[in-house]
Amino acid sequence: MSVSQLFVLSSRGDRVIARDYRTDIGRGSEEIFFRYVKSVKAEHVPVFEVQGIQFVYVKRNNLYFVLTTRHNASPITLLDFLTRTTNLIRDFCGVLSEESIRKNFILIYEILDEILDNGYIQDTETKMLKNYINNEPAELEQATSLMPKISELFMEQKTVASQASRRPVQGGSNKKSEIFVDLLEKINVVFSATGAILQSEILGSLIVKSYVPGDPHLSIGLNENLVIGENENRPYGAITMDSANFHESVDLEQFELNKVLSLNAIDGEATVMNYKISKEYNVPFRIVPYVVKESQFKVKITVTLRNDLPTSKLATGVIVRIPIPKDTTSTSVEFGVGQQNNYEYCQPEQAVLWGIKKFTGGVEQVIKITVVTSGAINYDLSSQIGPISMKFEIPMYNCSGLEVKFLKLSQSQTSKKEELLLYFYAAVAGILLYTLLMGPTEYHKNGIVGWFYRFLLNLPKVLFTTCCGTCFGKEKGLDLLKNLEHYFLYTKHPLLQIVYLGLLSINVALYIFTIFKTIPNIYIPVYHRYTGMVALVLTYIIYLKACFSNPGFITKDTVKKFEKSFEYDEMMYISNRKCETCEIIKPARSKHSILSKKCVSKFDHFCGWLNNDVGELNYRYFHAFLISNFLLIIYAAYIYIFSLLSIIEEENLWNSTFVTPQGQKIQANTRIVLTYMLSRYILPIGQLFFICACGLMIFGFWFYHVYLIWSNTTTNETFKKNEMKQLWKIIKLKKDIKKLSVNELYDEIYEQEEETNNKKAEKKRKEWKLQLLENLMTKAKNNEEPNFDFYNKGFLQNVKEVIFPPSLYGSATTKRKFL
């Protein structure tokens with residue numbers, strides 16, 4: 001079903017807005033429509049066909065909104081679309097009038113282009129269109145007339161008109177967050193000649209106009225004794241509605257239980273509820289007309305208006321419209337004694353407007369109108385006089401008794417829970433990350449963060465010990481724990497290598513079964529199918545190279561190769577120290593690896609992911625391993641993110657309407673789209689979060705090693721350097737340093753140091769500490785400062801040293817020697 005044209009005509013037939021979508025209807029359709037609609041037979045026909053063209057229109061504020069089509073379209077659908085279109089124009093322009101449309105024609109054309117695509121109807125929700133409408137409305141000033149109307153002369157309004165009725169939903173000068181609720185009722189009553197009620201009904205609407213940003217939850221409480229439809233068990237005094245219909249987002253179950261209209265606040269103006277009442281209500285006024293033909297050219301019309309409201313109520317702004325014969329030439333009006341009324345003869349409409357400034361309940365008013373006609377009255381007067389209609393305002397009163405008991409505006413309960421959970425998860429993740437990174441630092445290790453860090457490290461051990469003790473007994477459990485601890489911590493094993501290769505291979509397999517088949521898409525070209533595989537193969541190659549490369553093992557045969565690589569600083573590395581395991585003199589910056597059972601040149605650490613030591617010769621491959629994994633993760637995140645965005649665009653999710661399990665229709669927003677994507681594409685989204693988390697950890701670890709290159713320090717040397725700085729601070733505080741011996745100072749500093757089971761390693765460490773203390777005390781006695789950055793030669797030279805190891809490409813030369 002498609003629309004061919006949409007145009008807006010004024011009451012004079014002038015074109016105000018026009019858009020031709022399919023060009024299958026020639027020019028002149030506007031003139032055809034206006035001529036036909038002004039004919040008597042089409043005065044109240046909203047749908048008709050002329051010359052093979054179907055016309056559907058609605059009339060609002062003396063403007064004709066018209067759709068044309070060549071197809072056999074659904075009239076109800078098109079009428080509903082036109083009604084929604086007029087509401088959209090009113091919401092975005094503030095006022096629905098010919099002047100506002102002419103001043104905002106660019107804005108209105110933008111709206112029409114969004115709601116009709118090549119003649120096919122799209123979404124007409126104000127909240128959704130706000131994201132796509134960019135033009136600002138031109139606000140209209142309140143119109144003033146040089147000739148005041150009757151209502152402006154003597155009507156006293158008890159309620160002040162709000163400017164909200166003229167405010168657009170976006171743009172404009174008023175930026176307040178406001179919401180307005182109006183309960184409007186229209187009464188249709190047919191009286192007999194004696195004033196008896198023949199037929200009556202109330203057509204009511206509860207209208208909400210919202211300018212509240214976000215997606216707040218709105219609750220409107222109505223009378224608890226409200227009943228819809230025939231119900232024999234309804235309570236006495238209940239308000240009985242014949243029928244009612246609700247806005248699509250209203251929770252009907254909540255209304256049935258508590259008579260509360262519960263919905264998310266709607267942008268702009270929307271009718272939340274329509275209802276009809278035809279029984280058990282009091283009509284506020286009774287009209288009794290009496291017509292007497294005094295001569296062939298004169299008629300006297302007497303209208304009696306009785307106010308049946310309680311005496312405490314006051315009607316204001318009462319205007320009674322009394323039609324008179326079309327050939328009337330003059331009128332004269334008389335009022336009852338003591339009445340403060342006024343009237344106006346409206347010649348174009350051939351009607352007398354009777355205005356009553358104040359109309360107290362229980363009072364009767366009378367008007368007598370004498371009409372003189374231009375021709376003899378030889379026709380039925382009932383067709384020329386009537387029907388009589390009236391407008392009025394009764395503050396704080398409505399005929400049906402329906403009331404708005406309360407109005408609550410709050411954030412959606414679902415979004416509140418989701419937001420609290422999100423904050424909770426973010427807080428827990430932040431605390432854990434900060435604890436793991438900063439717990440072992442000097443600033444935190446003796447505080448609550450350090451305690452929590454040690455607790456997290458010991459927790460798995462305690463839990464495992466408890467489980468083993470429960471299953472195998474205390475002694476066997478402890479023995480099993482010691483054996484496992486020795487295997488995992490003090491022997492080389494490929495467990496982490498298996499974990500790494502397993503995680504990488506599983507993610508590759510999931511990528512092939514989920515995202516790979518969506519390429520190419522809107523954002524990702526087809527060549528990414530191959531570049532991704534090339535990047536993966538390169539990552540595998542670099543990983544294998546790092547695993548099986550020589551870190552710089554020092555043996556009796558290769559010791560001379562490493563002797564001249566670095567100089568001794570006589571603090572961290574003291575000359576002529578022997579490794580009793582390898583039976584060699586240890587070169588500077590070397591350390592015996594417990595896991596490899598060999599000395600390693602410029603030893604940094606043992607990497608479980610590589611199952612290999614990281615030293616002078618393979619430190620470059622270790623960096624290449626970190627960088628390749630980080631770049632692969634960035635590339636994968638790019639593919640995943642834009643492939644998921646492509647899915648959102650291809651399924652047109654931002655313009656879709658979602659239905660909750662309760663049947664409530666909700667327009668797409670960020671939260672709804674994310675929820676939908678999580679429910680349907682949880683696997684690729686979970687992968688995306690996993691690889692992003694891995695990327696952050698790898699980047700942090702790589703950045704730490706960049707810092708080590710900056711200072712030309714290894715991880716092993718970092719701990720030594722910190723201990724050296726602490727010892728130097730202690731020595732500087734000693735005033736009698738010249739009187740103390742090295743052994744006395746050692747006993748004073750390390751008297752509370754715990755003994756270990758490895759006596760051999762403890763002895764070697766004590767020898768190094770004694771020699772270090774002796775060197776530092778010598779510098780303190782000579783008022784010299786130790787050089788803690790002995791091996792730092794500047795960032796560029798440090799990088800060169802990593803890429804071109806000195807033992808392979810020549811000896812290193814230090815920037816400053818130890819004095």
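Q: Which strands does helix H4 (residues 105-115) lie across?
A: Let's start with the ground rules. This is a predicted model, in which local features need pLDDT of at least 70 and side-chain atom pairs count only at pLDDT 80 or more, while totals for chains, interfaces and linings use all residues. Residues are numbered from 1 along each chain as its sequence is written, and side-chain values use heavy atoms, with hydrogens and water left out. Helices (H or I, at least four residues) and strands (E, at least two) are DSSP runs, numbered from the N terminus. Axes are lines fitted to C-alpha atoms, for helices over the stretch in contact, and angles run from 0 to 180 degrees between N-to-C directions. Here, H4 lies across S1 and S2 and runs at about 30 degrees to S2.

Q: In what order do the five strands of the open sheet stand?
A: Think of pairing first: two strands pair if DSSP finds at least two bridges between them. In this sheet the order is S2-S1-S5-S4-S3, with antiparallel pairing. Strand S2 (15-20) and strand S3 (47-50) are the edge strands, each with a single partner, so one side of each has no neighbour in the sheet. On average, neighbouring strands are turned by 20 degrees against each other, direction ignored.

Q: How many bridges link S1 and S2?
A: Strand S1 (residues 5-9) pairs with S2 in the antiparallel sense over five bridges.

Q: How many residues lie between S4 and S5 in their hairpin?
A: There are two residues between S4 and S5, and Asn61 in the turn has a positive phi of about 50 degrees. Seven bridges join these two antiparallel strands, with Tyr57 opposite Val66 in S5.

Q: Which residues of S5 are buried on each side?
A: Buried means under 20% relative accessible area, exposed over 50%, and partly exposed in between (1.4 Å probe, protein chains only). In a regular strand, side chains alternate between the two faces of the sheet. In S5, Leu63, Phe65, Leu67 and Thr69 are buried on one side, and Tyr64, Val66 and Thr68 on the other. Seven of the seven residues of S5 are buried, so the strand is largely enclosed by the rest of the structure.

Q: Which residues of H1 are buried?
A: In H1, these are Ser29, Phe33, Phe34 and Val37. To see how they are arranged, look down the helix axis; the arc is that of the directions from the axis to the C-beta atoms. The buried residues of H1 fall within an arc of 130 degrees, so they line one face of the helix. Contact means heavy atoms within 4.5 Å, and the elements covering those residues include S1, S3, S4 and S5. H1 (residues 29-37) lies across S1, S2, S3, strand S4 (53-60) and strand S5 (63-69), at about 55 degrees to S1.

Q: At what angle do the axes of H12 and H14 cross?
A: Angles under 35 degrees count as roughly parallel, over 145 as roughly antiparallel, 65 to 115 as roughly perpendicular and the rest as oblique. The axes of helix H12 (residues 528-548) and helix H14 (residues 619-650) come within 9 Å and cross at roughly 160 degrees, which means that H12 is roughly antiparallel to H14. A crossing is left-handed if the near helix is turned anticlockwise from the far one by less than a right angle, and right-handed if clockwise; this one is left-handed. Contact residues include Leu536 and Tyr543 of H12, and Phe625 and Leu632 of H14.

Q: Is Gln497 buried or exposed?
A: Gln497, in helix H11 (residues 495-513), is buried, with a relative accessible area of 15%. Among the residues Gln497 touches are Tyr543, Trp609 and Asn611, leaving aside those up to four places away in sequence.

Q: Where in the backbone is Pro520 found?
A: Most residues other than glycine have a negative phi, and most peptide bonds are trans. Pro520 is in the loop between H11 and H12, and the peptide bond from Ile519 to Pro520 is cis, with omega near 5 degrees. Arg589 has a positive phi, near 70 degrees, and at 0% relative accessibility it is buried. Lys597 has a positive phi near 65 degrees, but Lys597 is exposed at 51%.
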